[in-house]
Amino acid sequence: MSRDRGLRRLHRHRMLGRCVLVTALSLTASGCVVVHGEREVLPATTRAEAAEALAEFTDAYNAADKAYDGSLDAGHTTGALADIDTARLKAGRANNPQGNPRHSPLELTDAKFTIPAKAGWPRWFVADADGNKGGAGRWLLVFTRDGTDEPWEVAYLTLVAPDDIPEFRTDKDGWAEAVPANATDVAVPPGELSEEYATFLKDGGDVFADGTHTSVWRAARAKKAQRPGLATQYIDEPLTNGDYAPLALRTEDGGALVFFTTRHFEKQTAAAGASVPTPNKDVLALTTGEIRQSFTMEFVSNEVALTPAEGEVRVLGRVQGLTSAKGE
């Protein structure tokens, strides 16, 4: 974690520890009226401000990618994306101190904004945009902030097929509905989805529908674990607190689109007389220790899933990144 991000997180905790007010003053016979932002249901932001936040993120992301300098977008990322992006830029800079020789600017167009009206912090919204990278998938970015004087930061970034993006329930003014972490009117409460996913990757089960990020991924990992002379072990953990908290939007059919985070470890151990395959230079840039008999990689993954009112959960997209590695 960078010093700037650490200070920003410390500031957030202090902000959460005291009363945050959004104040509206109205000259009436009885004096001023105070609206308490921590209790009143309010839109997270305006559509104009959301568009501005997306533009600022894109500029910062491109600057950081071009220079391989994590300080250039540290104020625009948090949570899972911050972990993934920071490690990627660190590895890139270690191998290319002069910057990214393959830099190509990210362009996000045709942006649509889904902004929930809710009480309390964090406030957040979803940007759905067409990108010039990642194939035909739409870029879904979840922006969050913990106070009116805080910057908008992207906590989740996933790519989803256009046809998989659901219709969202909105009120008469077009504001969306946030689904609480403990909601019981969906197949899996958003707050439990990270743990359910980690359990599924280990043991299987019937919570999740078959697909690229569920049954197919489990099969690929099982096949890799059977390689002769190299034992591969996996540990999957939920991440649900603070900047990793799940965020969910109500869909038109009564379900929820949920963004959540998980952590994954992959340990390779070579048999006697054999050696662990040498990682590439980007992985080595994030590796501590000496790779002799075993090698452990740590990944952070952010997912987006559709959990219906009843039935199986569909994982629509997942972006994962190596955050550290250790040789032994």
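1. The expected span here is 1.5 Å times one less than the number of residues, and helices (H or I, at least four residues) and strands (E, at least two) are DSSP runs numbered from the N terminus.

2. On the basis of the note: this is a predicted model, in which local features need pLDDT of at least 70 and side-chain atom pairs count only at pLDDT 80 or more, while totals for chains, interfaces and linings use all residues. Residues are numbered from 1 along each chain as its sequence is written, and side-chain values use heavy atoms, with hydrogens and water left out.

3. The protein has six helices and 13 strands, and of its 328 residues 46% count as buried, where buried means under 20% relative accessible area, exposed over 50% and partly exposed in between (1.4 Å probe, protein chains only). Among contacts (heavy atoms within 4.5 Å) with a separation of 6 or more, 67% are between residues 24 or more positions apart.

4. The largest pocket has a volume of about 580 Å³. On a 1 Å grid over the protein atoms alone, a pocket is an open set of points where a 1.4 Å probe fits, with protein on both sides within 12 Å along at least five of seven lines, and lining residues have an atom within 4 Å of a point; the volume is the space filled by probe spheres set on the points, which are joined across faces, edges and corners. Of the 26 lining residues, Tyr61, Asp65, Ile84, Asp85 and Arg88 are the closest to the centre, and H3 gives the most to the lining, with seven residues.

5. Two residues of H3 named in the previous point, Ile84 and Asp85, are also among the buried residues of this helix. Asp85 is eleven residues from Ala74 in sequence and 9.1 Å from Ala74 in space, C-alpha to C-alpha; Ala74 is found in the loop between H2 and H3 and, at 3% relative accessibility, counts as buried.

6. A cis peptide bond, with omega about 5 degrees, joins Trp121 and Pro122, and Pro122 lies in the loop between strand S3 (116-118) and S4. Tyr68, although not a glycine, has a positive phi of about 50 degrees; Tyr68 is placed in the loop between H2 and H3 and is buried, with a relative accessible area of 7%. Asp110, in strand S2 (residues 108-114), likewise has a positive phi, near 50 degrees, in a residue other than glycine.
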